[in-house]
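Look at the sequence and the model shown here.

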Amino acid sequence: MSLDHSDVKKIAHLARMALDESQVDAYAEDLSKILGLVEQLEAAETHAIEPMSHPLHMAQRLRVDEVTEEDCRDENQAIAPSVVNGLYLVPKVIE
Amino acid sequence: MMHSKSIVELGAGLQTGEFSSVELTRHFLQRIERLDKDLNALISTTPEQALAEAESADQAIKAGQAGPLTGIPIVQKDIFCTRGVKTSCGSKMLDNFISPYDATVVEKLKHAGVVSLGKANMDEFAMGSSNETSFYGPVHNPWDKGRVPGGSSGGSATAVAARLAVAATGTDTGGSIRQPAAFCGITGLKPTYGRISRFGMIAFASSLDQAGPMTRDAADAALMLQAMAGFDPKDSTCANQPVPDYSATLSDPLEGLKIGLPREYFGEGLDPAVAASVEAAIDHYKRLGAEVIDISLPNSGLAVPTYYVVAPAECSSNLSRFDGVRFGYRCQQPKDLEDLYKRSRGEGFGAEVKRRIMIGTYALSAGYYDAYYLKAQKTRHLISDDFKQAFKTVDVIMGPTTPTPAFGLGEKVNDPVTMYLNDIYTIATNLAGLPGVSIPVEPVNGLPVGLQIIGNYFTEAKLLNVAHRFQQETEWHRLTPELESVASD
């Protein structure tokens, strides 16, 4: 699978990541090489094989539905780029 | 020379009052000041905090309340959140991030009384095998400053090898503890997946990431692991398994130990000099009474391609949290919300992180999921089953940690696929979730070489025992790089 200029721009958009226009072709080349490596998997026979998502095949642990966290809002917001009255500020979304 | 001693030796010196933790801490801070300009092993140092911790350690020692790690100076890989201290993960994205909390590993080590000297350099978000993707510049291998220290825990490995700290923490997603340990001539243990809490350890690939100790020798690794391991309710994948006394079994005899040698780990691509060094170490194990058995891990060739679907897929999901809204880097004057996301991420991430996010995004996108991600989860199962089969007949598996010794700075950085193949022997254990340790064997042309020992799930005590017995009879782990033309201390 080889990716071209427009594929890379589409993927970068899906990842919400700006790329320098001048670097898109270099990324297309690198990503195509990586996909070339990955395509070696096609030769593996996996018809009857179960997918593995957890190394120890553990089930997700459940916990009692109780409040365990303290309120750390002020501490967490102290490192935010932009905060007013306890709210995170971003550019206007709704006109 | 205090810096040439191990944790075990320094612990004895602290107990008898030969030196204090404050003296020890000052000594290491001075070494960092003097030597790290040329190595770049640390992103930040925290001298005031370190000296305060050393003073409390000295009081604990005087009061007879010291444990084996009390007053021992270490460094933390900059992937672990440290309250009130910059936690960059090697990225511009987190250059301004002062963590509001401690990772569980950090909390546990503080509780054990260690002194933290600072934060170790690393590949950006732990994505790299050479420490060249760090926003803070590459780390230089202390054995040859023109070579890489390995990665992603390259700063941790260099700090321990250059004796800038007695021990360090690392993390290993595809070899990031073992490969730099091999390149720098130290002992690096990646425990079983889930053995150590991932809480507060900045996530790269959550089904593969595991923290571990990087030390001079296996006896020190046992002490570090003892403090780091254990169940943590804050990490939903942390294993609820008892933690054995890792130091108690270090010297157990190895008579009858069955060592499996996978033929796939000794084939094409392996440097013959590295092979000879590893084989000499295995011969030593035979003299210690071990039995060597040829085995096969037939799906080994699938490990690297499987990893480069699973790890990027998980990373693309994990790194979506870096969006310029709540913490970390934000671009200047965003014109709308989408522009804020895109430019904050575009400007905040380096090239390798961008490549992996894009591969993962692509592999998980509509129409490609089955061909890439589902397929890789199945081949992951095949790789894991190979080990399951092997451990029916052997106790441990041995082979080289890396195909070659440390390569030159800049040599592979422009070719991602060549760089990825450097982790060919380490990646499979992460996919299977198994523990592995790298220990120094005979160097090749003055460059360290690592022997990798892989064990079954939760057999860290056995791995450390196997490593320690070798280190009791050999000197390779004591070799130190020559960093100063005139010894000043």
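In chain B, 11 strands build an open sheet of mixed pairing. Strands here are DSSP E runs of at least two residues, and helices are H or I runs of at least four, both numbered from the N terminus. Two strands pair if DSSP finds at least two bridges between them. The order across the sheet is S1-S3-S2-S4-S6-S5-S10-S11-S9-S7-S8. Which strands are at the edges? They are S1 (42-45) and S8 (291-295) of chain B, and each pairs on one side only. From one strand to the next, the twist averages 30 degrees.

This is a predicted model, in which local features need pLDDT of at least 70, side-chain atom pairs count only at pLDDT 80 or more, and totals for chains, interfaces and linings use all residues. Residues are numbered from 1 along each chain as its sequence is written, while chains are lettered from A and ligands numbered from 1 in the order in which they are written. The pLDDT is the predictor's confidence in each residue, from 0 to 100. Chain B has a mean pLDDT of 97, and 99% of its residues reach 70 or more. The model scores ipTM 0.96 and pTM 0.97.

Now zoom in on one pair of strands. S5 (187-190) and S6 (210-215) of chain B pair in the antiparallel sense, over two bridges. B:Thr187 stands opposite B:Thr215 in S6(B).

Axes are lines fitted to C-alpha atoms, for helices over the stretch in contact, and angles run from 0 to 180 degrees between N-to-C directions.

Turn to chain A. How do H1(A) and H2(A) pack? Their axes are 9 Å apart, at an angle of about 90 degrees. H1(A) and H2(A) are therefore roughly perpendicular (65 to 115 degrees). Among the residues that meet are A:His5 and A:Val8 in H1(A), and A:Tyr27 and A:Leu31 in H2(A).

Finally, the two chains meet. Chain A has 39 residues in contact with 55 residues of chain B; contact means C-beta atoms, placed from the backbone, within 7 Å. On chain A's side, H1 (5-14), H2 (24-38) and H3 (73-77) each give two or more residues. The largest share, seven residues, comes from H2(A).

Key. Two residues are in contact if their C-beta atoms, placed from the backbone, lie within 7 Å. Angles under 35 degrees count as roughly parallel, over 145 as roughly antiparallel, 65 to 115 as roughly perpendicular and the rest as oblique.
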